[in-house]
Structures are given as structure tokens and as C-alpha cells.
Amino acid sequence: MKATGVVRRIDDLGRIVIPKEIRKTLRIKEGDPLEIFTDKEGEVILKKYSPIGELSEFASSYAETLAKTTGHIACITDKDTVIAVSGAPKKEFLEQDLSQELEQLMEDKEVYTSRENNEVAIPITRNDNNERKHNSQVVYPIISQGDVIGSVILLSKDTNKKMNETELKVVQSAAGFLGNQMDL
């Protein structure tokens, strides 16, 4: 753990203000849930809470099934990172921060489909450097109780494979199922 040099007092209601610079660096927005941990040394640790992260083991199995069924790369994300991937090297996607374009798609609750090689594909992670890595893709937001909590993504590098209604329905079903699991 690294020190920031910032000291804040707790107010009479038990609140503490997280400095704007830290919130910006950690991409914590107003209304984002934080999970509170304590350790043996008396430290209090705040961690951005990811509801879909609770299902990460389940999401990994689901991504594997999606990849085997469709023959495409399958990714499942929370609002900030890729939490499950199958059909591609894990280091390329797993636990990578999402691109701003993908975050904006999710925030707007948009479904995105790139079917042809001549269409624009959005970068998935911040490491993509706006390179076109995938011939076609489908992105579907995972919605739980009206809020976007992540996305399900299918990607193809094969120029002969194009996304169609079948892939869109598969991703829609996966996103709906994962969203329903969070509602339980």
C-alpha cells in the first residue's frame, strides 16, 4: 500500500471525503459503491465494489461456454475491467481497464454490433491504443435493477466470420441471464 500524503478528518456523522485527485485516478464517481475492509493492523481499506465481480467464477465458466458455442472470443466485464475471458490469451484482456469508448457505450446502455471489416470497431481495453484488433464484435450491456453493471462481448479476428442476429441474441441472452443473477 502506498501513502498519498493526504490526511482527512472524520466529521461528526462518521464521513470522510476522498480527495478529487484520488477519485479521478481510481475512476470513482459520485454514487459508486465502495466496499470497506479492515485488517489485523487496524487499517481500513476502501475498494470500488463490483456487483458482477461477485460472479467472477461463474462469469468465467459462462465466457468459456460462449466461446465454445460461438467460436468467438468471449469477454465479460464489470463497469471498469474485464473479469472473464475465453478464446483469447487471458493477459490480453483479463483484469485490463476498459476503454473510454466501451465505458461510454455501457453508460448509454447501448448495444453495439460491428458486422463488417469496413465498419469501425471499438477498443475493448485501454491498452488497445485504438488499433483495430477485431474484425467484428458485439457488445451488450448487463443491466441489473435498471443500472448497467457490466457487459458481455463477442469478438472475432477472422475476416471470414461476421456477427449476425444469432450472435446478437446469444450475447443478449447472456447479458440478461447475468443481470438476473444479480437481482436474486
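The structure is a predicted model, in which local features require pLDDT of at least 70 and side-chain atom pairs count only at pLDDT 80 or more, whereas totals for chains, interfaces and linings use all residues. Residues are numbered from 1 along each chain as its sequence is written, and side-chain values rest on heavy atoms, with hydrogens and water left out.

The protein chain contains five helices and seven strands, where helices (H or I, at least four residues) and strands (E, at least two) are DSSP runs numbered from the N terminus. In sequence order these elements follow the pattern α-β-β-α-β-β-α-α-β-β-β-α. The C-alpha trace spans about 60 × 35 × 30 Å along its principal axes. The accessible surface amounts to about 11400 Å², 50% of it belonging to carbon and sulfur atoms; accessible areas were computed by the Shrake-Rupley method with a 1.4 Å probe, and for residues only the protein chains shown count as cover. Of the 184 residues in the chain, 40% are buried. Here buried denotes under 20% relative accessible area, exposed over 50%, and partly exposed the range in between (1.4 Å probe, protein chains only). Among contacts (heavy atoms within 4.5 Å) with a separation of 6 or more, 51% join residues 24 or more positions apart.

A nonpolar core is defined as a set of buried Ala, Val, Leu, Ile, Met, Phe, Trp, Tyr and Cys residues joined through side-chain atoms within 4.5 Å. The largest such core comprises 23 residues, and those with the most contacts inside it are Ile 52, Ala 74, Ile 76, Ile 142, Val 152, Val 171 and Leu 178. At least two residues of this core are supplied by each of helix 2 (56-70), strand 3 (73-77), strand 4 (82-86), strand 6 (136-144), strand 7 (147-156) and helix 5 (165-183). Helix 5 provides the largest share, six residues. Another core, of 17 residues, lies apart from the largest one and includes Val 82, Tyr 112, Val 139 and Ile 153. When neighbours within four places in sequence are left aside, the contacts of Val 152 include Leu 66, Cys 75, Tyr 140, Ile 142, Val 171 and Leu 178.

Thr 77 lies in strand 3 and is buried, with a relative accessible area of 0%. The side chain of Thr 77 is joined to that of Ser 151 by a polar contact of 2.7 Å. A polar contact is a pair of N or O atoms within 3.5 Å; within protein, one must be able to donate a hydrogen and the other to accept it, and residues adjacent in sequence count only if both atoms are side-chain atoms. Beyond four places in sequence, the residues in contact with Thr 77 include Ile 52, Val 82, Leu 98, Met 106 and Ile 142. Thr 81 is located in the loop between strand 3 and strand 4 and is likewise buried, at 19% relative accessible area. With residues up to four places away not counted, Thr 81 touches Glu 95, Gln 96, Asp 97 and Leu 98.

Six salt bridges were counted, each being a side-chain nitrogen of Lys or Arg within 4 Å of a carboxyl oxygen of Asp or Glu. Arg 27, Asp 80, Asp 97, Glu 103 and Arg 126 are linked in a network of salt bridges. Within this group, the side chains of Glu 103 and Arg 27 meet at 1.7 Å, N to O. Glu 103 lies in helix 4 (residues 100-107) and Arg 27 in the loop between helix 1 (20-25) and strand 1 (34-38), so the pair ties together parts that are 76 residues apart in sequence. Glu 103 is buried, at 17% relative accessible area, and Arg 27 also counts as buried, at 18%.

A further salt bridge joins Lys 68 to Glu 64, with the closest N and O atoms 3.3 Å apart. Because Lys 68 and Glu 64 are four residues apart in helix 2, about one helical turn separates them. Lys 68 is exposed, with a relative accessible area of 65%, whereas Glu 64 is partly exposed, at 38%. The C-alpha atoms of Glu 64 and Ser 86 are separated by 5.0 Å, although these residues are 22 residues apart along the chain. Asp 11 forms a salt bridge with Arg 15, the closest N and O atoms being 2.9 Å apart.
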